[in-house]
Amino acid sequence: MIVLDLEWNRGYDTKPLNEILQIGAVRLDRLGGPVLSTFNAYIKPVVHKRFDPGARALPELKASKESSLDFAGALDAFRTWCGGDTAFAGWGGGDIESLNENCRYWGLPPVEAEEVFDFQRAFSHALGTDRQLALWWAAGYCGVPDVFDYHDALNDAMYTAVLSAWLTPEDLAWRPEPAPPKRRRPSPRLSKLPFPQQPRQKTGPFPTPEDALDAWENRRPCCPLCGRVGIVARWRPAAPGCGDRTRRYHAVFSCPEHGRFLCRMTLAQGADGQWQGRRYVPAATPEVVREYSAASEEDVYICKGQQKRRKRRSRRGSDPAS
Ligand SMILES: [Zn+2]
């Protein structure tokens, strides 16, 4: 399998081409397997006079400008390197199409792709979200150290290949249902039952906010009506604005009898660097719900135990022998 990534420039003129500036690729023999070989080609841009903002921000744009390789030469080298392999993968599903768009522009035969795997879509499925996740976010989520610049095609292909260890064949085969016509932020569907004001419970100290989010005692709020213990699996950070040394998070948990409730945790960093604060179950006032809903899905913190459970499942799924 070839994991492919491209950098390109759309320019500002009417020539309808995302002109490829770099082809980066790595070869894997299986999901999560070792990288067998790598390919990298910087291509001298000749089509558009100006670079769009995305292209201007590329860390290796200079290497493309100074390259003596044209698209035909780079593609020829790429075909040779592929050696007849026709299974491709990428972060997003559009790279082969972009490559062949450039082939058509230059009157070259297309790259044959019998299978095209979209690791980005598969990763969303592995995490149980329908959001498109940025490569850097996914790498951070998996604890992959970000030692190489993103938006260099070879580096991005490498990150994409490393992330394949978190994917199962089932994730790869998954296709999303067509999106409903109107997309709205899902409401937390909280219980409408009134309840007495809840005590604020002290928590901490913790070395980092993440330690507080993962701490089991913080993840077990009680139903404000019957006291039954619920479980928090993920926290949403409140929009920043309360300063570097203060953090606020919300989570939803549920009681089988009384429905869903919010849990709020506020943390502050003391002079000793440690984080401590309070956790409580607030009434679901419109303001609190708005604050909960304002956090984007990408910012959501998934608690440690939850990650482990997913990873274990993925590993089992990717190994047919077990
Ligand atoms: Zn209850």
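Q: Is Gly24 buried or exposed?
A: In this predicted model, Gly24 counts as buried, because 24 C-beta neighbours lie inside 10 Å and the threshold for a buried residue is 20 or more.

Q: Which element does Gly24 lie in?
A: Gly24 belongs to strand 2, which covers residues 19-28.

Q: And what does Gly24 touch, leaving out residues up to four places away in sequence?
A: Gly24 touches Asp5, Phe39, Asn40, Asp152, Ala153, Leu154, Asp156 and Ala157.

Q: Which of these is the bridge partner of Gly24 in strand 3?
A: The bridge partner is Asn40. Strand 2 and strand 3 run antiparallel to one another and pair over 7 bridges.

Q: What is the strand order of the open sheet?
A: The order is 3-2-1-4-5, with 5 strands and mixed pairing. Strand 3 and strand 5 (115-118) have a single partner strand each and stand at the edges, so one side of each is without a neighbour in the sheet. From one strand to the next, the twist averages 25 degrees.

Q: Which strands does helix 4 touch where it packs on the sheet?
A: Helix 4 touches strand 1 (2-9), strand 2, strand 4 (87-90) and strand 5. The direction of helix 4 makes about 55 degrees with that of strand 1.

Q: What about helix 7, which strands does it touch?
A: Helix 7, residues 153-163, also packs on the sheet and touches strand 1, strand 2, strand 3 and strand 4. The angle between the directions of helix 7 and strand 2 is about 35 degrees.

Q: Where does His151 lie?
A: His151 is in the loop between helix 6 (135-141) and helix 7. Its phi is positive, about 65 degrees, although His151 is not a glycine.

Q: Why does His151 count as partly exposed?
A: His151 has 18 C-beta neighbours inside 10 Å, and therefore counts as partly exposed; a buried residue would need 20 or more.

Q: Changing topic to helix 3: which of its residues are buried?
A: The buried residues of helix 3 are Phe71, Ala74 and Leu75. Viewed down the helix axis, they fall within an arc of 95 degrees, so they line one face of the helix.

Q: What covers the buried residues of helix 3?
A: The cover includes strand 2 (19-28), strand 3 (35-42) and helix 4 (95-105).

Q: How far apart are the end C-alpha atoms of helix 3?
A: They are 16 Å apart. At 1.5 Å a residue, the 12 residues (71-82) should span 16 Å, which agrees.

Q: Which residue takes a positive phi just after helix 3?
A: Gly83 does, with a phi of about 60 degrees. Just after helix 5, Gly128 takes a positive phi of about 75 degrees.

Q: Which residues of helix 5 are buried?
A: In helix 5, residues 119-127, the buried residues are Phe119, Gln120, Arg121, Ala122, Phe123 and Ala126.

Q: Now the whole protein: how is it divided?
A: There are two parts, domain 1 (2-173) and domain 2 (201-306). Their centres, taken over C-alpha atoms, are separated by 38 Å.

Q: How many helices and strands does the protein have?
A: The secondary structure comes to 11 helices and 11 strands. Of the 322 residues, 32% count as buried.

Q: Where is the cis peptide bond?
A: The bond from Gly204 to Pro205 is cis, with omega near 5 degrees. Pro205 lies in strand 6, residues 201-206.

Q: Lastly, what is the place of Val300?
A: Val300 is in the loop between helix 10 (286-294) and strand 11 (301-302). Val300 is partly exposed, with 17 other C-beta atoms within 10 Å.

Q: What does Val300 touch, leaving out residues up to four places away in sequence?
A: Val300 touches Arg234, Arg236 and Ala295. The C-alpha atoms of Val300 and His250, 50 residues apart along the chain, are separated by 9.7 Å.

Key: Residues numbered from 1 in each chain as written. Predicted model: local features only at pLDDT ≥ 70, side-chain atom pairs only at ≥ 80, totals over all residues. Helix = DSSP H or I, 4+ residues; strand = E, 2+ residues; numbered from the N terminus. Expected span 1.5 Å × (residues − 1). Buried ≥ 20, exposed ≤ 12 C-beta atoms within 10 Å, placed from the backbone. Arc of directions from axis to C-beta. Contact = placed C-beta atoms within 7 Å. Pairing = 2+ DSSP bridges. Axes fitted to C-alpha atoms, helices over the stretch in contact; angles between N-to-C directions. Domains from an automatic or database assignment.
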